[in-house]
Amino acid sequence: MSIRQFQAQRMQAPRDFITIPDTSICVEIGAGKGKHALLFSGENPQKTLYAIERTKEKFVAMQKQHQLEAREHLHPIHADALPWVVHALFPAQVEQFFILYPNPEPHNPAQRWLNMPFFEFLLSRLQTNGTITLASNIPEYIDEAEQQLIEVWKLPYQKQKIAADAARTHFEIKYLERGELCQQLVITKPQGYSTRFDDFAPLQGQNTQEKHDA
């Protein structure tokens, strides 16, 4: 399937947007109640993780858990991931993206991550040799993403079966307890890989419409 170009300049800043420094970071998209974010930050105290969650109820739960288990380099973010990424992230800034058990969008395949024009922008924010980890309990979702990696994005990846005792997210625990097959694709951005957004600077919270009208 062909994928149109993402219109990054049309993205409005998230509410209460705060800029971040241009240093090497990790980003989790759809962090839920923050189970993986807290685990990852505990195991990698030297790494800075921004954990993004759009749903207020889940974000509040993550925030409360973060207050109970303080992690110096963990930053919970209440925002929609697309505008936040466009406004906050610098080219080649991110060492690791995590997209764990995203909505499979059964009635809207165009909204699956590797089918979206936005995925090209996401790749522009990834460091050379950086990785995107995409996990799902739906074999067809993984199979389609794998096909897109080969045919559209032309990226190297590893397909891995997730161990039965893994417990990174509440969804992962639930699916594995049911005996479902959970898999992940660990996608790598190779040396010399280019996108149309490699020189696109973050919008840093500017209202793009106001900027054009000025």
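Biologist: Where does proline 109 lie?
Modeller: Proline 109 lies in the loop between E4 and H4. Helices (H or I, at least four residues) and strands (E, at least two) are DSSP runs, numbered from the N terminus. This is a predicted model, so local features need pLDDT of at least 70 and side-chain atom pairs count only at pLDDT 80 or more, while totals for chains, interfaces and linings use all residues. Residues are numbered from 1 along each chain as its sequence is written, and side-chain values use heavy atoms, with hydrogens and water left out.

Biologist: What does proline 109 count as at 38% relative accessibility?
Modeller: Proline 109 counts as partly exposed. Buried means under 20% relative accessible area, exposed means over 50%, and partly exposed is in between (1.4 Å probe, protein chains only).

Biologist: What pLDDT does the chain average?
Modeller: The average is 93, and 94% of the residues score at least 70. pLDDT is the predictor's confidence in each residue, from 0 to 100.

Biologist: Over which residues does pLDDT stay under 50?
Modeller: Over residues 207-214, where the model has 9 contacts beyond four places in sequence. Contact means heavy atoms within 4.5 Å.

Biologist: Strands next. How many bridges join E1 to E4?
Modeller: 4 bridges join them, and the two strands run parallel. Two strands pair if DSSP finds at least two bridges between them. Isoleucine 25 has valine 94 in E4 as its bridge partner.

Biologist: Over how many bridges do E4 and strand E5 pair?
Modeller: Over 6 bridges, in the parallel sense; E5 covers residues 126-136. Phenylalanine 97 has isoleucine 132 in E5 as its bridge partner. From E4 the chain crosses through helix H4 (residues 118-124) to E5, and this β-α-β crossover is right-handed. Right-handed means that, with the strands pointing away from the viewer, the path from the first strand over the helix to the second runs clockwise.

Biologist: Why is E4 largely enclosed by the rest of the structure?
Modeller: Because 6 of its 7 residues are buried.

Biologist: How many bridges join E2 to E3?
Modeller: 5, and these strands run parallel. Leucine 49 stands opposite leucine 74 in E3. The chain goes from E2 through H2 to E3 in a β-α-β crossover that is right-handed.

Biologist: Which residues of helix H1 are buried?
Modeller: In H1 (residues 35-43), the buried residues are His36, Ala37, Leu38, Phe40 and Ser41. They pack against strand E1 (25-29), strand E2 (49-53), helix H2 (56-68), strand E3 (74-78) and strand E4 (94-100).

Biologist: Where is valine 85 found?
Modeller: Valine 85 is in helix H3 (residues 81-88), and it is buried, with a relative accessible area of 0%. Leaving aside neighbours within four places in sequence, valine 85 is in contact with Phe118, Phe121, Leu122 and Arg125. The C-alpha atoms of valine 85 and leucine 122 are separated by 7.7 Å.

Biologist: How many aromatic pairs are found in the whole structure?
Modeller: The search finds 13. Rings of Phe, Tyr and Trp (its six-membered ring) pair if their centres lie within 6.5 Å; planes under 30 degrees apart count as stacked, over 60 as edge-to-face and the rest as tilted. Tryptophan 113 and phenylalanine 118 form a tilted pair, 6.1 Å centre to centre with 55 degrees between the planes. Both residues are buried.

Biologist: Which residues form one aromatic cluster?
Modeller: Phe6, Trp113, Phe118, Phe121, Phe197 and Phe200.

Biologist: Last one. How many disulfides does the structure hold?
Modeller: 0. A disulfide is a pair of cysteine sulfur atoms within 2.5 Å. Cysteine 26 is buried at 1% relative accessibility, and cysteine 182 is buried with a relative accessible area of 1%.
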